[in-house]
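Trainee: Could you take me closely through one part of this model, the place where its domains meet, and then say what else deserves attention around it?

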Amino acid sequence: MSFLVPRMAALSPYVPGMHTEAEGALRLNSNESPYPPSPGVASAIAEEAGKLSLYNDPDCTALREAIAERLGVKPGNVMAANGSDQALLLAMAAFADARHPVALPDLTYSYYDDFAAFLGIPLLRRPLREDFTLDAADYCEPGVTVLFPNPNAPTGLAVPVEEIRRIAKADDGRVVVVDEAYVDFGAETALPLIDVCPNLLITRTFSKSGSLAGARLGYALGDETLIGELQRVRSATDLYGVSRMAQAAGIAAMREWPYYEANCRRIERTREWTRRKLTELGFEVLPSLGNFVFARPPVDAALLQRRLEARGIYVRRLSAERAKGRLRITIGTDADMERLIAAIRAILEEER
Ligand code: PMP
């Protein structure tokens with residue numbers, strides 16, 4: 001017996017990485033930052049706590065100003081959202097429908113599938129090349145809305161910004177959404193293109209480089225008209241979706257951004273160390289520009305995942321066909337990755 005209407009009954013909800021906060025557990029399965037928020041974040045949130053009887057600013061004015069100032073754009077180019085997931089869902093609702101499908105890679109962030117199913121939007125899956133790189137030519141078809149992360153997840157591979165311009169220019173009557181959740185770990189942003197591509201929408205998050213995954217804060221960037229349209233859709237569904245605490249946290253994080261920049265550089269260094277060590281252990285590792293690596297272990301991926309879990313280390317195995325035999329491993333601190341490598345070494349020795 002189900003009360004769900006058929007489309008909702010057909011949903012197969014997103015399965016996130018196993019959530020544990022157990023003592024000693026090492027979470028390398030959700031691409032969180034291993035570094036805590038900067039000191040100003042906690043005090044900014046504490047200050048808001050006393051004002052919780054009052055509604056939050058629905059326009060997120062101060063937050064949008066803070067983001068715009070750091071990025072060198074106008075507040076009108078910025079829309080805040082309850083996590084970038086919300087910005088992405090709203091973008092799909094705003095710029096695609098049953099008659100305007102969305103083209104996306106065959107291996108990518110799988111939540112897009114759930115958003116599309118929820119909204120009744122058909123998807124056109126464009127196969128990545130054999131080496132997991134994306135061919136811009138696959139996204140130049142007129143009339144088709146485009147969505148992909150750059151760098152892509154779970155591969156960590158990025159498309160040059162020139163290719164994004166080519167895609168956007170191929171038909172400026174439809175929207176191209178570039179999800180820059182992981183752009184701060186070494187990839188080039190498409191942000192300068194928003195001045196010349198009024199159909200380009202970029203989404204970003206505070207969840208990865210900003211150490212604020214639990215605050216739920218993301219944003220979209222684009223031409224003022226495009227952002228105005230997205231904001232209109234947001235206002236119709238979740239006007240107060242960015243809480244007081246999230247807004248205050250985001251403003252504080254923007255002020256203290258050099259701290260986060262330094263963390264990104266540390267994560268990049270740790271990522272390259274991890275890639276080297278995994279390669280030495282017989283893994284095939286893609287050259288990631290995210291805060292994770294996508295790697296094929298020299299033994300069965302499911303077995304290795306289970307054996308790591310028994311040691312309190314959680315990594316992600318994705319169900320997509322092209323992710324078979326591979327693991328996505330978040331980059332933690334140096335100590336975290338030393339623990340991971342030691343555990344893998346021990347497990348591989350036991351398997352010999
Ligand atoms: N895009 C990609 C590619 C992601 O991996 C994630 C995080 N799982 C998100 C968007 C969503 O991040 P959030 O909603 O926390 O901003």
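Mentor: Domain bounds here come from an automatic or database domain assignment, and the model itself is a predicted one. On that assignment, domain 1 is made of two stretches, 6-35 and 258-351, while domain 2 runs through 39-256. The contact between them draws 33 residues from domain 1 and 38 residues from domain 2, and the C-alpha centres of domain 1 and domain 2 are 24 Å apart.

The size of an interface is often given as the accessible area lost when the parts come together. By that account, domain 1 and domain 2 bury about 2,700 Å² between them, with 61% of it on carbon and sulfur atoms. On the side of domain 1, the residues that lose the most area to domain 2 are Tyr14, Tyr260 and Arg322, which together make up 29% of what that side buries.

Across the interface of domain 1 and domain 2, the rule finds 1 salt bridge, whereas the structure as a whole holds 22 salt bridges. Polar contacts between domain 1 and domain 2 amount to 14 residue pairs, counted with both residues at pLDDT 80 or more. As for the elements involved, α1 (6-9), α9 (257-280) and β10 (292-296) each supply at least two residues to the side of domain 1 that touches domain 2; of the contributions to that side, the one from α9 is the most, with 8 residues. By residue class, the side of domain 1 that touches domain 2 divides into 18 nonpolar, 7 polar and 8 charged residues.

The ligand is the next thing to examine. There are 13 residues around the ligand, and those that come nearest are Ser84, Asp179, Tyr182, Thr205 and Ser207. For threonine 205, an N or O atom of the side chain is 2.5 Å from an oxygen atom of the ligand, and for serine 207 the corresponding distance to an oxygen atom of the ligand is 2.6 Å. A nitrogen atom of the ligand, in turn, is 3.4 Å from an N or O atom in the side chain of tyrosine 109.

Most residues other than glycine have a negative phi, and most peptide bonds are trans. Against that background, the peptide bond from asparagine 150 to proline 151 is cis, with omega near 0°, and the peptide bond from alanine 153 to proline 154 is cis as well, with omega near 10°. Proline 151 is found in the loop between β5 (145-149) and α6, and proline 154 likewise belongs to the loop between β5 and α6. Cysteine 60, which lies in the loop between α2 (39-49) and α3 (61-71), has a phi near 55°, a positive value in a residue other than glycine.

Glutamate 163 and arginine 166 form a salt bridge, with the closest N and O atoms 3.7 Å apart.

Technical notes
Residues are numbered from 1 along each chain as its sequence is written. This is a predicted model: local features need pLDDT of at least 70, side-chain atom pairs count only at pLDDT 80 or more; totals for chains, interfaces and linings use all residues. Side-chain values use heavy atoms; hydrogens and water are left out. Contact means heavy atoms within 4.5 Å. Buried area is the accessible area (1.4 Å probe) that two parts lose on being put together, summed over both. A salt bridge is a side-chain nitrogen of Lys or Arg within 4 Å of a carboxyl oxygen of Asp or Glu. A polar contact is a pair of N or O atoms within 3.5 Å; within protein, one must be able to donate a hydrogen and the other to accept it, and residues adjacent in sequence count only if both atoms are side-chain atoms. Helices (H or I, at least four residues) and strands (E, at least two) are DSSP runs, numbered from the N terminus. Ala, Val, Leu, Ile, Met, Phe, Trp, Tyr, Cys and Pro count as nonpolar, Asp, Glu, Lys and Arg as charged, and the others, Gly among them, as polar. A residue is near a molecule or strand if one of its heavy atoms lies within 4 Å of it.
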